[in-house]
Amino acid sequence: MESARTSRCLWRCAWRESVQLELIQPLDEYSDYARHLKEHGEGHIHHISILTDNQAFRETMAERGIASVMKGHVAGVETFEYFDTGRELGVKVEIHDLES
């Protein structure tokens with residue numbers, strides 16, 4: 001994983017029952033979102049998010065050699081982490097650690 005760097009994006013979220021849709025627009029060229037958009041173009045899914053036992057998931061990813069490619073923090077809400085499952089699933093996988 002690269003060293004930490006702050007990046008900017010515009011983020012909007014919509015819920016329908018238990019499904020959340022995020023629309024993310026990168027506002028700089030530094031974020032993983034911007035790199036993904038440059039590589040794949042518009043209309044390609046960047047990631048899916050799953051609810052799981054995060055520690056077990058991290059251990060499974062490490063055992064399979066799947067790297068964590070981005071971590072972030074939303075103050076007062078959560079930390080999140082993306083794993084590069086593109087070869088296995090065609091998209092990255094995101095997990096969340098909610099703050100209490």
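The model is predicted, so local features need pLDDT of at least 70 and side-chain atom pairs count only at pLDDT 80 or more, while totals for chains, interfaces and linings use all residues. Residues are numbered from 1 along each chain as its sequence is written, and side-chain values use heavy atoms, with hydrogens and water left out.

Four strands make an open sheet with mixed pairing, in the order 3-6-5-4. Here strands (E, at least two residues) and helices (H or I, at least four) are DSSP runs numbered from the N terminus, and two strands pair if DSSP finds at least two bridges between them. In general, strands of a sheet pair through backbone hydrogen bonds, either parallel or antiparallel.

At the edges sit strand 3 (47-49) and strand 4, each pairing on one side only. Neighbouring strands are turned by 25° against each other on average, direction ignored; axes are lines fitted to C-alpha atoms, for helices over the stretch in contact, and angles run from 0 to 180 degrees between N-to-C directions.

Now follow strand 5. Strand 4 (residues 68-74) runs antiparallel to strand 5 and is joined to it by six bridges; H73, for instance, has T79 in strand 5 as its bridge partner. The hairpin of these two strands has three residues between them, and G76 there takes a positive phi near 80°. Six bridges also join strand 5 to strand 6 (residues 92-98), again antiparallel, and E81 has I95 in strand 6 as its bridge partner. Helix 2 (residues 54-63) packs on the sheet, touching strand 5 and strand 6, and its direction makes about 145° with that of strand 6. Contact means heavy atoms within 4.5 Å.

Next come the rings. Rings of Phe, Tyr and Trp (its six-membered ring) pair if their centres lie within 6.5 Å; planes under 30 degrees apart count as stacked, over 60 as edge-to-face and the rest as tilted. By this rule there are three aromatic pairs. Y33 and Y82 are edge-to-face because their planes stand at 85°, with centres 6.0 Å apart. This pair links distant parts of the chain, 49 residues apart: Y33 lies in helix 1 (residues 32-40) and Y82 in strand 5 (residues 78-83).

Y33 is buried (under 20% relative accessible area; exposed is over 50%, partly exposed in between, with a 1.4 Å probe and protein chains only), at 12%. Y82 is buried too, at 1%. F80 and Y82 form another edge-to-face pair, 5.7 Å centre to centre with 85° between the planes, and both are buried.
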